[in-house]
Amino acid sequence: MGTVKCVGILTSGGDAPGMNAAIRAVTRAAIYNGLQVKGIYRGYKGLITGEIQEFKSQNVSNIIQLGGTILKTARCKEFLTPEGRKVAHETMVKEGIDALVVIGGDGSLTGARIFAQEYDIPCIGLPGTIDNDLFGTDTTIGYDTALNTILEAVDKIRDTATSHERLFFIEVMGRDAGFLALNGAIASGAEAAIIPECSTEVDQLEEFIKSGYRKSKNSSIVIVAESEITGGAMHYAERVKNEYPQYDVRVTILGHLQRGGSPSAHDRILASRLGAASIDAILEGQRNVMIGIENDQVVYVPFTKAIKNDKPINKELVNVLRTLSI
Ligand SMILES: Nc1ncnc2c1ncn2[C@@H]1O[C@H](COP(=O)(O)OP(=O)(O)OP(=O)(O)O)[C@@H](O)[C@H]1O
Ligand SMILES: O=P(O)(O)OC[C@H]1O[C@](O)(CO)[C@@H](O)[C@@H]1O
Ligand SMILES: [Mg+2]
């Protein structure tokens, strides 16, 4: 592999607020360092169909404040196959792209890892997902904004829950990871969180009911992480209807509104730092690493570590929620 002259950027998987700030940072840092930049549309799909455009500094003007991704995003089935990845590689050769920055979640970085194993292309990953489920980074781009969106929604639901003296199960995203649910519960003052990470230890519903919340409160909010492991908010509402019929239960599934909106200051700064660092990493000859933030320091995390799917939940947070929700 010779010196890198042209960097391709793509966003892949679910969009996350701050992806645009990351695209801007990668583009501008690359140009600042004398590299050419090409924007690849619709994630890995754009590498297969050749939907690619050269980006100059002005292509990324006025986007730092926008949610979503100007490059669009996709979940691309063809890239799961060696044949699809071969076409993607041919496109890169044709376009003269000799390094790739992939902004996305665990799936997108898994794709980058496999691609980099098959072809001699330096791939750098930026953690872009509201789920915060990548190991080796304190937070991912989009997570903070999604958390704040959850708070805004829960605060509103709290008004009606209190007025009607109801028990609400509010389902948040996370795809089998409980970060949004647990921190969303702490920050909104919810009475409990049901998360997949704790599901093998206790029956979290029973634990919540037995905590006797009715003694001091007559309404309650339980945040449930979406997951096949927990079964989601509907599952718990059904259980309460059957097992504790004295409670007046309602369900709200927050859904995709959690993915939208203008990125928070935290996400814009994180995206800007990680985006700039991705170009430093390429210039240093790094390959197949995710750029993360740990203790406010930029770190390089090998793909194999970042995506191993077991980023731990901080048990102190579980205890804080339990202690403060009496
Ligand atoms: N094992 C794999 N091999 C090749 N490509 C993959 C693989 N896993 C995922 N990808 C690619 O990455 C894309 C996005 O993956 P996925 O749908 O898991 O989202 P993600 O990046 O984890 O984001 P999020 O979970 O935040 O929505 C897939 O559609 C596919 O194109
Ligand atoms: O509706 P989609 O785009 O398939 O994505 C839903 C999934 O994407 C995520 O929001 C992450 O982007 C997960 O939390 C959720 O399960
Ligand atoms: Mg994912």
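Here is a short walk through this structure, from its sheet to an annotated site.

The model is predicted: local features need pLDDT of at least 70, side-chain atom pairs count only at pLDDT 80 or more, and totals for chains, interfaces and linings use all residues. Residues are numbered from 1 along each chain as its sequence is written, with chains lettered from A and ligands numbered from 1 in the order in which they are written.

Let's start with the open sheet, whose 7 strands run in the order β3-β2-β1-β4-β5-β10-β11 with mixed pairing. Its edge strands, β3 (52-54) and β11 (297-302), each pair on one side only. Strands here are DSSP runs of E with at least two residues, and helices are runs of H or I with at least four, numbered from the N terminus; two strands pair if DSSP finds at least two bridges between them. At one end, β10 (residues 289-294) and β11 pair in the antiparallel sense over 6 bridges, and M290 has V301 of β11 as its bridge partner.

Now for the annotated site. An unreviewed UniProt entry gives the annotation "binding site" to G14, R75, C76, G105, D106, G107 and S108; such annotations may be inferred rather than shown by experiment. These residues spread over 95 residues of sequence, yet they cluster in space, with a largest C-alpha distance of 14.0 Å.

Two of the glycines sit in loops: G14 between β1 (6-11) and α1 (19-32), and G105 between β4 (99-104) and α4 (106-118). G14 is buried because 22 other C-beta atoms lie within 10 Å, and G105 is buried because 25 do. Buried means 20 or more other C-beta atoms within 10 Å of a residue's own, exposed 12 or fewer, and partly exposed in between, with C-beta atoms placed from the backbone.
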